[in-house]
Amino acid sequence: MHSDALTDVLADYDAILFDFDGPICHVFQGLPAPGVAKDLSALLATLAPELADAAHATDDPMMVHQLAREAGQNVLAAVEAALTDAEIRAVGVAGAPTDGAVEAMAAARDSGRRVAVVSNNSADCVHAYLAAQGLSGAVEVVVGRPALRPDLMKPSPHPLLEAAAILGVSPERSTLVGDSVTDIEAARAAGAGSVGFANKPGKEDALAAAGAGLVVADMQVIARALTRA
């Protein structure tokens, strides 16, 4: 992807929304997600034995969280609290931001655009990471996982619509930088634009097929494009 084409696309947007896990950092780089999922599954199996087999069948913490909803609000609250605690421990050992992420957020702000993080991770862990990296001033708004409402997580448009409302920008004048198909689906459902960040082999085709406006493999490309847009 040449940054000139991205510059033309980004010129249409007043707000840049960044997904957190991927475009900004790798949340579970130092505390691998399968281990977190195993701990959450053990908790869920204790609280709701009927869900034990399904819980132990996945190594995705977010899937265990989604599954907990079937056991009622009290169980969901317990699993969600454990997930948030694990996320905060994870970002403490997540390492440096994704290459180009700091530059992309700075370029978005310097261009006069509004900037937010929109994540399925907890807002607490996003704030903790940004503070630890000296980046709290890089974004205006953080919209994290809605409390006890996994149904409102991306691919629901809810987090994007909330961020746009707080920023005072219409969803149509916002675009989301995300590395997953659910990011692109959420952006489409919100009426927002999207830029796919293909940070792993095979993602480019999946993000394009989901309807991403453009797909890049380097956050530095986004930073350079925003500098000119």
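# Notebook: a walk through a predicted model

I began with Asp205, which is found in helix H10, residues 203-210. I kept in mind that this is a predicted model. Is Asp205 buried or exposed? At 61% relative accessibility, Asp205 counts as exposed, because the cut-off for that word is over 50%.

**Entry: Cys25**

Next I went to Cys25. I found Cys25 in the loop between strand S1 (15-18) and helix H2 (33-47). Its relative accessibility is 0%, so Cys25 counts as buried. What does Cys25 touch, leaving out residues up to four places away in sequence? I noted Phe20, Pro97, Thr98 and Tyr129. I also checked Cys25 against Gly95. The two are 70 residues apart in sequence. Their C-alpha atoms are 7.9 Å apart in space.

**Entry: helices H5 and H7**

Tyr129 came up again when I turned to helix H7, where it is one of the residues that meet H5. Two packed helices are described by the angle between their axes and the distance between the axes. For H5 (residues 73-91) and H7, the axes come within 8 Å. They cross at roughly 15 degrees. H5 and H7 are therefore roughly parallel to each other, since angles under 35 degrees count that way. H5 passes H7 in a right-handed crossing. Which residues make the meeting? From H5 I listed Thr84, Glu87, Ile88 and Val91. From H7 I listed Asp124, Cys125, Ala128 and Tyr129. By class, this contact of H5 with H7 has five nonpolar, one polar and two charged residues.

**Entry: helices H6 and H11**

H6 covers residues 101-110 and H11 covers residues 219-228. Their axes come within 8 Å and cross at roughly 20 degrees. H6 and H11 are therefore roughly parallel to each other. What is the hand of the crossing, left or right? H6 passes H11 in a left-handed crossing. On the H6 side, the contact is made by Ala101, Glu103, Ala104, Ala107 and Ala108. On the H11 side, I wrote down Met219, Gln220, Ile222, Ala223, Leu226 and Thr227. The residues of this contact of H6 with H11 divide into eight nonpolar, two polar and one charged.

**Entry: salt bridges**

Side chains of opposite charge can pair when their charged atoms come close. How many salt bridges are there? The count comes to nine. I followed three of them.

Arg114 and Glu140 meet through their side chains in a salt bridge, 2.7 Å from N to O. Arg114 lies in strand S2 (residues 114-118). Glu140 lies in the loop between helix H7 (123-132) and strand S3 (141-143). The pair therefore ties together parts that are 26 residues apart in sequence. Arg114, at 31% relative accessibility, counts as partly exposed. Glu140 is partly exposed too, with a relative accessible area of 33%.

Asp151 and Arg149 also form a salt bridge, 2.7 Å from N to O. Asp151 is partly exposed at 29% relative accessible area. Arg149 is partly exposed at 38%.

Asp183 and Lys154 form a salt bridge at 2.8 Å, N to O. Asp183 lies in helix H9 (residues 181-190), and Lys154 in the loop between S3 and helix H8 (158-167), so this pair ties together parts that are 29 residues apart in sequence. Are these two residues buried or exposed? Both Asp183 and Lys154 are buried. Salt bridges that share partners join Asp19, Lys154 and Asp183 into one network.

**Entry: backbone in the loop between S3 and H8**

I stayed with Lys154 to check the backbone. Most residues other than glycine have a negative phi, and most peptide bonds are trans. The peptide bond from Lys154 to Pro155 is cis, with omega near 25 degrees. Pro155 lies in the loop between S3 and H8. Leu148 has its place in the loop between S3 and H8 as well. What is the phi of Leu148? Phi is near 55 degrees, a positive value in a residue other than glycine. Leu148 counts as partly exposed, at 26% relative accessibility.

Key:
Residues are numbered from 1 along each chain as its sequence is written. This is a predicted model: local features need pLDDT of at least 70, side-chain atom pairs count only at pLDDT 80 or more; totals for chains, interfaces and linings use all residues. Side-chain values use heavy atoms; hydrogens and water are left out. A salt bridge is a side-chain nitrogen of Lys or Arg within 4 Å of a carboxyl oxygen of Asp or Glu. Helices (H or I, at least four residues) and strands (E, at least two) are DSSP runs, numbered from the N terminus. Buried means under 20% relative accessible area, exposed over 50%, partly exposed in between (1.4 Å probe, protein chains only). Axes are lines fitted to C-alpha atoms, for helices over the stretch in contact, and angles run from 0 to 180 degrees between N-to-C directions. Angles under 35 degrees count as roughly parallel, over 145 as roughly antiparallel, 65 to 115 as roughly perpendicular and the rest as oblique. A crossing is left-handed if the near helix is turned anticlockwise from the far one by less than a right angle, and right-handed if clockwise. Contact means heavy atoms within 4.5 Å. Ala, Val, Leu, Ile, Met, Phe, Trp, Tyr, Cys and Pro count as nonpolar, Asp, Glu, Lys and Arg as charged, and the others, Gly among them, as polar.
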